[in-house]
Amino acid sequence: MDITLALGGGGVRGVAHIGVLRALEKHGFNIKAIAGTSAGGLAGAVYAAGYSTEQIEKTFNEMEKNFIISPSRSKQPALLGMSWITKKIGKLLGDMTFEDLKIPFAATATNLRTGKEFVLRRGKVMDAVLATIAIPGAFPGQDIEGHILADGGVVDPVPIQVARWMAPDLPVVAVMLHEVPDNYEIDEKKLPISFPGPASFLDRIGDLKVVQAFNIFTRSAEVSGDQITELAIQLYKPEVVIAPKVGHISILQDVNSEELIQAGIDATEQSMAQIKSQGNWARRLRRQMRRRISPDPMPETWEILA
């Protein structure tokens with residue numbers, strides 16, 4: 001059965017996308033197009049390049065612990081650098097262009113000058129990845145052909161419209177990463193970013209007002225993103241929504257990759273009957289008729305590099 005994916009953002013939670021892809025492979029689904037933003041853009045790009053979920057997992061696990069705190073050397077204003085991602089993911093993508101990908105792929109970013117969603121489907125894939133994951137202020141924006149681009153999740157946390165535009169006759173399976181496990185309680189002292197050092201040192205850092213303020217800032221950004229995601233799902237109605245329970249993890253936190261991957265697998269298995277139901281002839285005919293009667297135009301709120 002053919003499907004198209006809309007992979008949402010969520011910082012390090014994006015490791016759960018590996019589990020989603022692995023479960024879809026296990027059940028024999030053919031992924032014909034991928035639209036990804038932020039963490040979903042990173043995972044989608046590497047998968048579209050032809051790498052297995054095992055290779056993607058291995059690359060993530062090889063990243064040095066506490067990679068997040070590297071300083072920025074970019075001309076663009078930012079607190080943190082992305083040398084870690086350039087080094088590790090760059091080994092996989094190199095100078096690969098969108099035309100070299102095995103699966104049609106689009107990354108979305110936010111144009112910081114116009115405020116519009118920017119769809120990337122041309123040029124170097126690595127440039128698009130660096131743009132789509134660039135959390136404003138934290139990581140440097142990317143200058144692509146004169147456009148200053150940053151995290152696509154700012155305006156579109158799950159690119160459902162882009163996925164449907166890429167493959168109008170196929171069911172869209174959207175993956176959102178803000179679902180919180182049942183009975184989870186927020187730890188207000190939990191650091192929103194990975195720091196090196198012993199537990200006693202980290203406890204003292206957690207008491208600092210500046211760290212607590214940063215925690216509040218990141219949490220408020222997550223809440224805003226969650227609300228936009230829910231609205232997008234209501235408006236654009238993907239055929240299936242997969243929601244791994246990873247919303248308790250901060251977007252810049254050190255993580256257990258096995259836990260996140262398993263969360264992705266579990267959520268996909270729970271949605272399997274719904275995904276398979278999209279392949280019956282009545283649903284396929286309904287999608288084809290809907291597209292012929294009212295094809296989706298490219299939204300005026302988009303800018304596109306294709």
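Author: Glutamate 145 has a relative accessible area of 54%, and because exposed means over 50%, this residue counts as exposed. Everything said here concerns a predicted model. Glutamate 145 forms a salt bridge with arginine 122, and the closest N and O atoms of the two are 3.0 Å apart. Glutamate 145 belongs to the loop between strand E5 (142–144) and E6, whereas arginine 122 belongs to the loop between E4 and H5, so the pair ties together parts of the chain that are 23 residues apart in sequence. Arginine 122 itself is partly exposed, since its relative accessibility is 32%. Elsewhere, salt bridges with shared partners join Arg22, Glu54 and Glu57 into one network.

Lysine 124 forms a salt bridge with aspartate 95, their closest N and O atoms being 3.2 Å apart. This pair links distant parts of the chain, with lysine 124 in the loop between E4 and helix H5 (125–132) and aspartate 95 in the loop between helix H4 (83–93) and E3, 29 residues apart. With a relative accessible area of 34%, lysine 124 is partly exposed, while aspartate 95, at 62%, counts as exposed.

Consider next the neighbours of E3. With strand E6 (residues 147–151), E3 pairs in the antiparallel sense over three bridges, and in this pairing asparagine 111 stands opposite leucine 149. With strand E4 (residues 117–120), E3 also pairs in the antiparallel sense, over four bridges, and alanine 107 has leucine 120 of E4 as its bridge partner. E3 and E4 form a hairpin in which five residues lie between the strands, and glycine 115 in the turn takes a positive phi of about 80°. Strand E2 (residues 30–37), by contrast, runs parallel to E3 and is joined to it by four bridges; here isoleucine 34 has phenylalanine 105 as its bridge partner in E3.

Leaving aside residues up to four places away in sequence, asparagine 111 touches Lys116, Phe118, His147, Ile148, Leu149 and Glu303.

Helix H2 (residues 39–48) is mostly covered, with ten of its ten residues buried, and among them are Leu42, Val46 and Tyr47. Just after H2, glycine 50 takes a positive phi of about 105°.

Returning to charged pairs, the model has six salt bridges in its count. One more of them joins glutamate 54 to arginine 22, with the closest N and O atoms 3.7 Å apart. Glutamate 54 lies in helix H3 (residues 53–62) and arginine 22 in helix H1 (residues 16–26), so this pair ties together parts that are 32 residues apart in sequence. Glutamate 54 is partly exposed, with a relative accessible area of 46%, and arginine 22 is also partly exposed, with 21%.

Finally, the wider setting. The protein has eleven helices and nine strands, and buried residues make up 52% of its 306 residues. Among contacts with a separation of 6 or more, 78% are between residues 24 or more positions apart. Some care is needed with confidence: the mean pLDDT of the protein is 81, and 72% of its residues reach 70 or more, but pLDDT stays under 50 over residues 195–202.

Technical notes:
Residues are numbered from 1 along each chain as its sequence is written. This is a predicted model: local features need pLDDT of at least 70, side-chain atom pairs count only at pLDDT 80 or more; totals for chains, interfaces and linings use all residues. Side-chain values use heavy atoms; hydrogens and water are left out. Helices (H or I, at least four residues) and strands (E, at least two) are DSSP runs, numbered from the N terminus. Buried means under 20% relative accessible area, exposed over 50%, partly exposed in between (1.4 Å probe, protein chains only). Contact means heavy atoms within 4.5 Å. pLDDT is the predictor's confidence in each residue, from 0 to 100. Two strands pair if DSSP finds at least two bridges between them. A salt bridge is a side-chain nitrogen of Lys or Arg within 4 Å of a carboxyl oxygen of Asp or Glu.
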